[in-house]
Amino acid sequence: MERPTNVVRPRFRAYGRRHIDRVPELRRLSEDQRIALKAASTVLPFRVNDYILRELIDWDDIPNDPIYQLTFPQAGMLDLGDFLRLEDMVVRGEEGDRLRRRVHDIHLRMNPNPAGQKILNVPKVDDERVLGCQHKYRETVLFFPVQGQTCHAYCTYCFRWPQFVGVKDLRFAARGVEQLVRYLREHDEVTDVLITGGDPMVMSASHLRRTIEPLLDPSLAHLRTIRIGTKVLAYWPYRFLTDRDAEDVLRLFDEVRARNRQLAFMAHFSHPRELGTKAAAEAMRRVLGTGAVIRTQAPVIRHVNDRAEVWSEMWRRQLALGAVPYYLFVGRDTGPKQYFRVPLARTLRIVSAAISEVSGLARTVRGPSMSATPGKVLVDGVTTID
Ligand SMILES: *Cc1c(COP(=O)(O)O)cnc(C)c1O
Ligand code: SF4
């Protein structure tokens, strides 16, 4: 595969709260907006990179720009009283223990690990819990490798946020793949392993190889599909273009195919703009070139994508690039949910209208789907009682 030669090679660099005064794009915020960002990001960490800042966000439409809402915490995501107290502390330059205690209290009130994510459905092998695994639906085991527990950028609506804020006992990750392999040998009903995070595509090619290769072993012939849950195509498509080990990653995907397994990219796209850059199109072309399939999924989120046209346009672009619309979710009951939530009946109207605007090829999407402790619940109609 050829690398583009006539372009600068973008190198991955992430920016967070401590870069607020240094990132050139953020100097376009007003003083008030910048203070609000400093206050909100004490509780809700943000992480962005040059691709998002330069190619995705429309800086002439701040704060309403959907990608800005997707990646930067907003005042309205916090309880007003909390926000005002934090803002006050930021203005007075109080960044020590008092601030940390206040932030910690707010975190504990935000329902980390919804739907029993941490304690339920952890499988066992020889009476030992297989850490970093979750086995809820018969065919599919989830695996959370420890090196994949961050992302190329954070979504403000993410339900995995506890993993990112350094509250240690809230973390949930596996050290190695050995225990998983032992478990799978005893469970031939499992056809799919879904490697997830965070975003497993933050892992180096060699870590990815150490996770995926053992799963291709002939003793696990019942395993047909390796899925990777990722937002890399939206947040850092250069992973497949200019990252130092881009070619190694693609070669690993080739090998999955060569060993008769399907690699399924469960790609998270929140907005059509993420599919509109040359880098994203080229990255998708390369991933598909390995024989992988790309299936797409995202939640419906107020301020980001709560309009039918946004979804129909997103699906049209996905189809044009060879991806298959797969899931559409209802936002989870965690983090700044009051800011993002869309009523179920309205979500259903958005989905129905969006589906009516696209060709049959996009009607592969399932949803609105809602994750709850017993499993995924499909919202499929509105009914009036009495
Ligand atoms: C969604 C989900 C899966 C995968 O379900 P599919 O419908 O097969 O895509 C597996 N495990 C858990 C816990 C899930 O939430
Ligand atoms: S990419 Fe996924 S795991 Fe990462 S912040 Fe966004 S929703 Fe969360």
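Residues are numbered from 1 along each chain as its sequence is written, while chains are lettered from A and ligands numbered from 1 in the order in which they are written. As the model is predicted, local features need pLDDT of at least 70 and side-chain atom pairs count only at pLDDT 80 or more, whereas totals for chains, interfaces and linings use all residues, and side-chain values use heavy atoms, with hydrogens and water left out.

**The sheet**

Two of the pairings are set out here.

| Strands | Sense | Bridges | Bridge partners |
|---|---|---|---|
| E8 (225-230) and E9 (262-268) | parallel | 6 | Ile228 and Phe265 |
| E12 and E13 | antiparallel | 4 | Ala372 and Gly375 |

E12 and E13 also form a hairpin, with 2 residues between them.

**Backbone details**

Most residues other than glycine have a negative phi, and most peptide bonds are trans. Another cis peptide bond joins Gly367 and Pro368, with omega about -5°, and Pro368 is found in strand E12. Asn260, a residue other than glycine, has a positive phi near 65°, and Asn260 sits in the loop between helix H9 (246-258) and E9.

**Ligand 2**

Ligand 2 is surrounded by 8 residues, the closest being Cys151, Cys155, Cys158, Gly198 and His268; a residue counts as near if one of its heavy atoms lies within 4 Å. This shell divides into 5 nonpolar, 2 polar and 1 charged, where Ala, Val, Leu, Ile, Met, Phe, Trp, Tyr, Cys and Pro count as nonpolar, Asp, Glu, Lys and Arg as charged, and the others, Gly among them, as polar.

**The second largest cavity**

The model has 2 cavities of 30 Å³ or more, a cavity being a set of points, on a 1 Å grid over the protein atoms alone, where a 1.4 Å probe fits but cannot get out, with lining residues having an atom within 4 Å of a point. The second largest cavity has a volume of about 50 Å³, the volume being the space filled by probe spheres set on the points, which are joined across faces, edges and corners. Strand E10 (293-300), helix H11 (308-320) and strand E11 (324-330) each supply at least two residues of its lining, and H11 gives the most, with 4 residues. By class, this lining has 9 nonpolar, 3 polar and no charged residues, including Phe269, Trp311 and Val365.

Terms used: On a 1 Å grid over the protein atoms alone, a cavity is a set of points where a 1.4 Å probe fits but cannot get out, and a pocket is an open set with protein on both sides within 12 Å along at least five of seven lines; lining residues have an atom within 4 Å of a point. Two strands pair if DSSP finds at least two bridges between them.
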